[in-house]
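Subject: Structure handover

Hello,

Here is the structure for you to look over. My notes follow below it.

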Amino acid sequence: MFQGLGLEARREAARVFQPLRVRRGEVLYREGDPADGVYLVRQGLVWLHAEEGEGLTLSLLGPGDLFGEEALVGGLRRGLSAQALAYTELLFGERKEVEALRARFPEVNAFLLEALYKRLKAMEARFFELRFPVAQRLARLLLRLGEGEVLFSHQDLARMVGATRETVTKLLGEWALAGVLDLGYRRLEIKDREALARLAEAL
């Protein structure tokens, strides 16, 4: 997780950022909560969203992503809510510990800035994708979420692509009839990844 840092800085970062394991559906913090620290994703998927607008998705975060940056820039409260969408392994650094780490090792600032820049570019890509039809956005999301089985409800998927549950359910049903997917309760299995990739790229 801390590649690019010097040996001493890596050791201290490993001490400051403690492992944290969370279950699917667990809320890490809500909008308005105290900004008590910063997170790095080791494994899993985190949903970063606004509470208003039926949970408008701002980011879907995976391995290597940083969030909770309010704690880095002087913010006292969380600006968004964060929830694990799958079993997720994180690294969590308490605010004061991270501040001391940054003061002692300036190279840590560059590491954190790079992680934030990566997230900014991902958010820009997400807003660009909102121009695409829902079918394209949904197909792209499913390709990203897994090689085979995807363990999310239709409502979860709808929130992730910025669409209604009814629209997502209709599309998934059509794709299941076409043999692209196999549907179950709160799960689906990708049967024809190449066909799904064509749907993702369709104009």
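Which residues does R186 touch, not counting residues up to four places away in sequence? R186 touches R24, V150, L151, F152, S153 and D156. Contact here means heavy atoms within 4.5 Å.

Some ground rules. This is a predicted model: local features need pLDDT of at least 70, side-chain atom pairs count only at pLDDT 80 or more, and totals for chains, interfaces and linings use all residues. Residues are numbered from 1 along each chain as its sequence is written, and side-chain values use heavy atoms, with hydrogens and water left out.

**R186**

R186 is found in the loop between β10 (181-184) and β11 (187-190). Helices (H or I, at least four residues) and strands (E, at least two) are DSSP runs, numbered from the N terminus. R186 has a relative accessible area of 35%, so it is partly exposed. The scale is as follows: buried is under 20% relative accessible area, exposed is over 50%, and partly exposed is in between (1.4 Å probe, protein chains only). From R186 to A200 is 14 residues in sequence and 22 Å in space, C-alpha to C-alpha.

**Aromatic pairs**

Searching the whole structure gives six aromatic pairs. Rings of Phe, Tyr and Trp (its six-membered ring) pair if their centres lie within 6.5 Å; planes under 30 degrees apart count as stacked, over 60 as edge-to-face and the rest as tilted.

Y29 sits in strand β2 (residues 27-29) and Y39 in strand β3 (residues 37-43), so the pair ties together parts 10 residues apart in sequence. Both Y29 and Y39 are buried.

Y39 also pairs with F67. Here the centres are 4.8 Å apart and the planes are at 5 degrees, so this pair is stacked. F67 belongs to strand β6 (residues 66-67) and Y39 to β3, so parts 28 residues apart in sequence are tied together. F67 is buried, as is Y39.

Y29, Y39, F67 and F92 form one aromatic cluster. There is a charge to note as well: the charged end of R78 sits over the ring of Y29, 4.2 Å from its centre. The test for that is NZ of Lys or CZ of Arg within 6 Å of the ring centre and within 35 degrees of the ring normal.

**Helix packing**

Helix α1 (residues 7-16) packs with helix α3 (residues 95-104) at about 175 degrees, and their axes are 10 Å apart. Axes are lines fitted to C-alpha atoms, for helices over the stretch in contact, and angles run from 0 to 180 degrees between N-to-C directions. α1 and α3 are therefore roughly antiparallel to each other. Angles over 145 degrees count as such; under 35 is roughly parallel, 65 to 115 roughly perpendicular, and the rest oblique.

On the α1 side, E8, E12, A13, R15 and V16 meet E97, V98, L101 and R104 in α3.

**Other positions**

S59 is in strand β5 (residues 57-61). Its relative accessibility is 4%, so S59 counts as buried. Not counting residues up to four places away in sequence, S59 touches V46, W47, L48, R119 and M123.

F128 is in helix α4 (residues 106-129). F128 and L85 are 43 residues apart in sequence and 23 Å apart, C-alpha to C-alpha.

Regards
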